[in-house]
Amino acid sequence: MTSISLRSTDPTRSRVDVIVIAVARSGKRLAALAPGDQVAAAFGRRFVPTLSTLGFEGKAGEIARLPSAGVVKSPLVIAVGVGDESSVTTESLRRAAGVGVRAIHNAASAAFALPTADGADVQAVCEGILLGGYEFTDYRSDDDEDDDISTVVVLTDLARTATAQQAVATATTVAEAVNRTRDWVNIPARDLTPASFADAVAALELPDRTKLTVWDDTRLEKEECGGILGVGQGSDNPPRLVRLAYKPKKPTMHLALVGKGITYDSGGLSLKTHAGLMAMKCDMAGAAAAMCATLAIASLELPIQVTCLAAMAENMVSGGSTRPGDVLTIRGGTTVEVHNTDAEGRLVLADALVVASEAKPDLIVDVATLTGPCIVALGKRTAGVMSNDDALRDAIPAAALRAGEPMWPLPIAEEMKAKVHSSTIADLRQHNPDPVGGALFAAAFLREFVGAHRWAHLDIAGPAFNDGDPFGYTPKGGTGSAVRTLIRLAQEFADES
């Protein structure tokens, strides 16, 4: 991943191949924001007319490329729109940096002259650069690493402060976690089976005070994890449960993270449509997010104990597949009647939530690409948040907003409990009997396995995978959704202690 340095150099004198500046709308006029305003001043009166001639209006995400003709040391200036000057936020800067870095081509060095009033702005700009510059090229035969930007400089008056230096370090750790999640999500399912996924985690150099444990199918049977085994029994690739545990010397709280890791979801005997099958390698995004966030929390040495459980299985069709009407026994003895084998995520999560509860954490947060109804409700860029604690349900979207990830609170409607308990032959029914409220039913089902623990469920079915064009710092494919929110939650818990 590209490394970033800080300098307080005048942007007009920065000897790089390209310099990126932010331009906002101020009333009916365009205005370059400091320190990029020095670049605009060097162009003189022709700066704004030139942008207007190019059709640039300062809208968020717009770009314009301006040859400098020697007025500044850099031969090329890229102007990035950030919208109305009065509404520029840290997230605006993060997105502008991401757009800017994606607009750079055939350049070895770049400088970013975006506004940085404090350390949060510095971190946002650095995150935008590192996230926006992400590309997954493992399967491209024509990948040319020589085209990568080797030198990236963020120009800021804060360059020599400890706050800014720490912001770069934190941004790098966060971006590494997000980009590793993206990598895992983008790997084709034939190359990322439950076993190879677990092996990929085991191959990492773990941070200090972090331990890894893997339960294979034999151990899962011994531990009576009937949900994970039931989902995985139709596949030639047996399931796994991966446990990452980070325990600092003096933890101020204990957080459990649980992730859905369906490495490929065919729907089982309740087979998906062809269109629905295409992106189902991404159904392990929750597990990837939970594990990568745990590793980042440990790398940042936050005083938060984290127990992470990633339930990995492949949901396939065979003579051994679980059938609609079968009854599975979850760890702890709860029986579940299966009604739809394409609602498999809640079954593997049930086992993992029980294991997480046994660790007696102060809080459990699960992350999963769980339901299509959540996408219907909130679209493809916003995750849903449900909880057994109203204050927590509202607090997580607020923290997510500060991290730059859209999330929205949803209720677990009262009538869902009766529906979950409506099986005539087992303790619980696995799938909603009605065609509406599917996301809420799924959360109500998961709630049955957390006991009295405070718990929140993040349904990232929409934002975990971008099958459209890149936007902001978000690439096509795996997005790394929820990683920054989980890290931010841990940081805020640490700050409260």
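Analyst: In the largest nonpolar core, which has 98 residues, Phe197 and Met291 are the residues that touch the most other members; such a core is a set of buried Ala, Val, Leu, Ile, Met, Phe, Trp, Tyr and Cys residues joined through side-chain atoms within 4.5 Å. Helix H10 (residues 285–299) supplies the largest share of this core, 12 residues, where helices (H or I, at least four residues) and strands (E, at least two) are DSSP runs numbered from the N terminus. Apart from this core lies another, of 48 residues, including Ala311, Val336, Leu353 and Ala356. This is a predicted model, in which local features need pLDDT of at least 70 and side-chain atom pairs count only at pLDDT 80 or more, while totals for chains, interfaces and linings use all residues. Residues are numbered from 1 along each chain as its sequence is written, and side-chain values use heavy atoms, with hydrogens and water left out.

If neighbours within four places in sequence are set aside, Met291 is in contact (heavy atoms within 4.5 Å) with Trp184, Phe197, Val201, Val242, Leu244, Cys308, Ala310 and Met312. Ala287, which is found in helix H10, is buried, with a relative accessible area of 0%; the classes used here are buried for under 20% relative accessible area, exposed for over 50%, and partly exposed in between, with a 1.4 Å probe and protein chains only. With the neighbours within four places again left out, Ala287 is in contact with Phe197, Gly259, Lys260, Gly261, Ala310 and Val367. Ala287 also lies 9.0 Å from Asp366, C-alpha to C-alpha, although 79 residues separate the two in sequence.

Cys308, listed above among the contacts of Met291, is buried at 0% relative accessibility, and Cys225 is likewise counted as buried, at 0%. With a disulfide taken as a pair of cysteine sulfur atoms within 2.5 Å, the count comes to zero. Cys225 is in no disulfide, and the nearest cysteine sulfur, that of Cys308, is 15 Å away. The sulfur of Cys308 itself has its closest cysteine sulfur in Cys292, at 9.1 Å, which is too far for a bond.

As for the backbone, most residues other than glycine have a negative phi, and most peptide bonds are trans. Arg209, in the loop between helix H6 (194–202) and strand E8 (210–215), has a positive phi of about 65 degrees although it is not a glycine, and Arg209 is partly exposed, with a relative accessible area of 47%. Glu224, in the loop between helix H7 (217–222) and helix H8 (226–232), is also not a glycine and has a positive phi of about 60 degrees; at 56% relative accessibility, Glu224 counts as exposed. The peptide bond from Ala34 to Pro35 is cis, with omega near 0 degrees, and Pro35 lies in the loop between strand E3 (29–32) and helix H1 (37–43).

At the surface, Leu269, Leu271 and Val317 form a nonpolar patch with about 270 Å² of accessible area together, the areas coming from the Shrake-Rupley method with a 1.4 Å probe and, for residues, only the protein chains shown counting as cover. Patches are made of residues with over 30% relative accessible area and no salt bridge, like charges being joined within 9 Å and nonpolar side chains (Val, Leu, Ile, Met, Phe, Trp, Tyr) within 5 Å; a salt bridge is a side-chain nitrogen of Lys or Arg within 4 Å of a carboxyl oxygen of Asp or Glu. Leu269 is placed in the loop between strand E10 (253–265) and helix H9 (274–277), and is partly exposed, with a relative accessible area of 40%.
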